[in-house]
Amino acid sequence: MTAQQETIDSTGAEVSNQRAQELLRDRAETAVTELRAHVTGDLLDIVVDLDSGRGCRLRDLRDGTEYLDMTMFFSSAPLGHGHPGLREPDFEAALVRAARVKPANPDFATVEQARFAEVLKRVFGDPELPLLFFIEGGGLAVENALKVAFDWKTKINSARSTPVRGCRAMHLQKAFHGRTGYTMSLTNTDPTKIRDYPAFDWPRIPSPAVEPGTDRDCTDLLPAEIAALETAEAALQRYGREIACFVYEPVQGEGGDRHLRPEFLQAMQDLCREHDVLTIADEVQTGGGLTGYAWAYQSLGLEPDLVAFGKRVQVCGVMGGRRVLDVADNAFREGSRLSSTWGGGLVDMVRATRILEIIESEDLLAHTRRMGEMLVAELRGLAEEFPSVLSHPRGRGLMCAVDFPDSALRDRAISIARERHHTLFLPSGPRSLRWRPALSVRPDELTDAVLALRKTLGELS
């Protein structure tokens, strides 16, 4: 090929790419209106530019407006926008290759799925939880963890000549575990999410979350924790061997970023072991590095039998082991007991593999812990500066939040931050504002986001 031909080809490709961008922008002008007319959702007035984001900066495809993003698509973009490691030609070629077909992963092996499982175990794995199940959707991950527990408890009962089905899941108040069939019986945050839907009468116990700085260092159980344990014991006495599991979020995200003390969760774990009840850590929100550890239960000194995961991991699913392995034909191992048609998405697995490798190579868990300390310190400063508006700064790693006096003021703050200061925040619970920045967030991005919130609070005041 001559130099002149190369120039012509290069120019043609550039013109073609420019025309494609123009067509995208033209379509972007009506995207929000069209989607709002036909697709259920709570769309912001933003059209995401998938090509131009960088770090914690998200760009609107319509006019190039740049937003500082502290949401990361509800924390499912762990490396932020436009990470160079996700723009490498080899990785993009692997994505395209996996996207040409949608295999039934539980029934047809691929090198891509095998690599994902290998890297997941290496970077985020727990040797005590060697069993893996993949599926699409965090609620379905929790649901299948429940199925493992129901199966396990029924088989344990049968082995002990007790013909009782393990058919109940003990759970906490103010919990959010999804909106699927079984999980609707566990979720109890916003009444709109569960109103009028059929639900099982499963034992629900108080959730003794603590305010930031309140008795966090006390090693004895607090009165509210003792009361919750007594309620759990009463449920175990009432329903006996029907209770198969206790499911909990280490931090109740949807409930308002409510932190449960390790002393309480460890006491619940001990109680469950006494009564042959499995413990399920729902780490769909807390897992995948957000708290500065692969899983929040690790920082709390817990040993769950099952862990449900999703969001930052890209592929949802369940890790299982410990007492689950007491039953040789547990639901992970019995043919067709769980399974699903797709077993997660292969494209998600390819993306997840690369993300996990970057988290490992860039030591982002340690980075998350450092950035989390910085962010909580900044939020404490804001709470001191605006005591009538902001309170209870808290966090584990980068899973941080602050409280407003009421939901109306919180929602107004989120709107002002977005519209006037081009910074995106999410609500949490009845009056909290949550932070979910990328694991790779830079100090200057956190500083800019805190400054935007400071300006917003000044305008509110």
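Select Arg 62 and Asp 45: their side chains meet in a salt bridge, 2.9 Å from N to O. The term stands for a side-chain nitrogen of Lys or Arg within 4 Å of a carboxyl oxygen of Asp or Glu. Arg 62 lies in the loop between strand 1 and strand 2, and Asp 45 in the loop between helix 1 (3-38) and strand 1, so the pair ties together parts that are 17 residues apart in sequence. Helices (H or I, at least four residues) and strands (E, at least two) are DSSP runs, numbered from the N terminus.

This is a predicted model, in which local features need pLDDT of at least 70 and side-chain atom pairs count only at pLDDT 80 or more, while totals for chains, interfaces and linings use all residues. Residues are numbered from 1 along each chain as its sequence is written, and side-chain values use heavy atoms, with hydrogens and water left out.

Asp 60 is buried, with a relative accessible area of 2%, whereas Asp 45 is partly exposed at 45%. Buried means under 20% relative accessible area, exposed over 50%, and partly exposed in between (1.4 Å probe, protein chains only).

The three strands form an open sheet in the order 1-2-14, with mixed pairing. Two strands pair if DSSP finds at least two bridges between them. Strand 1 (57-59) and strand 14 (423-424) are the edge strands, each pairing on one side only. Strand 2 (residues 66-69) and strand 14 run parallel and are joined by two bridges. To find one of the bridge partners, pick Asp 69 and then Leu 424 in strand 14.

Contact here means heavy atoms within 4.5 Å.

**Aromatic rings**

A search of the whole structure finds ten aromatic pairs. Select Phe 150 and Tyr 182, an edge-to-face pair with 5.4 Å centre to centre and 80° between the planes. Rings of Phe, Tyr and Trp (its six-membered ring) pair if their centres lie within 6.5 Å; planes under 30 degrees apart count as stacked, over 60 as edge-to-face and the rest as tilted. The pair links distant parts of the chain: Phe 150 is in helix 5 (residues 138-159) and Tyr 182 in the loop between strand 4 (168-172) and strand 5 (204-205), 32 residues apart. Phe 150 is buried, at 10% relative accessible area, while Tyr 182 is partly exposed at 27%.

Phe 200 is partly exposed, with a relative accessible area of 48%. With Trp 202 selected as well, the view holds one aromatic cluster of Phe 150, Tyr 182, Phe 200 and Trp 202.

Move to Arg 160 and Asp 276, whose side chains meet in a salt bridge at 2.2 Å, N to O. Arg 160 is in the loop between helix 5 and strand 4, and Asp 276 in the loop between helix 7 (262-274) and strand 9 (278-282), 116 residues apart. Arg 160 is partly exposed at 47% relative accessibility; Asp 276 is buried at 18%. Elsewhere, salt bridges that share partners join Asp 151, Lys 155, Asp 329, Glu 334 and Arg 337 into one network. The search of the whole structure finds 37 salt bridges.

**Buried strands and residues**

Select strand 3 (residues 131-135). Four of its five residues are buried, so strand 3 is largely enclosed by the rest of the structure. Strand 3 pairs with strand 11 (residues 316-320) in the antiparallel sense over five bridges. Phe 133 stands opposite Val 318 in strand 11.

Finish at Val 247, in strand 6 (residues 243-248). Val 247 is buried, with a relative accessible area of 0%. Leaving aside neighbours within four places in sequence, Val 247 is in contact with Met 170, His 171, Leu 172, His 177, Leu 186, Ile 280 and Asp 282.
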